[in-house]
Amino acid sequence: MEAVCQVCIHHCHLQPGQRGVCRARKNVDGQIVCENYGQVTSLGLDPIEKKPLSMFYPGSLILSVGSYGCNLRCAFCQNHEISMTNKEEAAAVYISPQEMSDKALACKPAGNIGVAYTYNEPLVGWEYVRDCARLVRQAGMKNVLVSNGTASPEILDEILPYMDAMNIDLKGFRESYYRELGGDLETVKEFIIRSAAACHVELTTLIVPGENDSEAEMEEEAEWIASVGAEIPLHITRFFPRYRMMDKEATQIAQIHHLVDTAGKYLQNVFAGNC
């Protein structure tokens, strides 16, 4: 029978055997199953600043884990090899939540503070994030989520109690732009508001030439962020040609710094990225 996935904005109506937009969730005998549970495609000990988090344990390292799948379709995706793939195509290995927690602890002497759920969109496989995060928290370490913020409120309820910090993509501040990416701006705004009230949050906006690079849009975005919290760090990041946008030029460094100055009228902590 048909089943409806409630994890994100798409509410995919799936027939038996059919996968959702994210390619990570599937209707199996009338039940929505998380196919990418524990399926790890990427694992590495990264500087916390690469998440990017500039004001959460700066100078530390964090064990970063990714799976496959994403519920957006950004033409500029930096990790499309894993975000736009499925179970059959992904080169993944299974790592249980307990094994992941043990790996994090084993890296502690090297400066590791915990686990970051990143690289693809972690919340298309939120069950694994929750199960790992619970064990990592019990082990006295930190949990970091790097997300596009398009999960449903119910999923946020499941993982938020275990999160210490997040970096959330705020891809722009126009609903029309979010629709092009397969997303929804209002959902992301609500995700940010709720998360910022519960844990440390930093935001990232990738500036794509001709798409979301106007001063007026940045003014609106920064003013809204300040209404949530003027201390929330914003990373304004330079675009480089990737995936289906190989024909575009990289963002001009001068434009990034101009937008940093624009956002700085409203926000206390604004950072230029990829410059």
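A165 stands opposite H200 in β12. This is a predicted model, in which local features need pLDDT of at least 70 and side-chain atom pairs count only at pLDDT 80 or more, while totals for chains, interfaces and linings use all residues. Residues are numbered from 1 along each chain as its sequence is written, and side-chain values use heavy atoms, with hydrogens and water left out.

Let us look at the strand pairs around β11. Strands (E, at least two residues) and helices (H or I, at least four) are DSSP runs numbered from the N terminus; two strands pair if DSSP finds at least two bridges between them.

| Pair | Sense | Bridges |
|---|---|---|
| β10 and β11 | parallel | four |
| β11 and β12 | parallel | five |

L145 has M166 of β11 as its bridge partner. From β10 the chain crosses through helix α4 (residues 153–159) to β11, a right-handed β-α-β crossover (clockwise from the first strand over the helix to the second, with the strands pointing away from the viewer).

Now to the largest pocket, which has a volume of about 970 Å³. Among its 36 lining residues (those with an atom within 4 Å of a pocket grid point), K51, Q78, N79, V146 and D169 are the closest to the centre. The elements giving two or more residues to this lining are β10 (142–147), β11 (165–169), β12 (200–207), β13 (234–238) and β14 (270–273).

Notes: 1 Å grid on protein atoms, 1.4 Å probe; cavity = no way out; pocket = protein on both sides within 12 Å on 5 of 7 lines; lining within 4 Å. Points joined across faces, edges and corners; volume = space filled by probe spheres on them.
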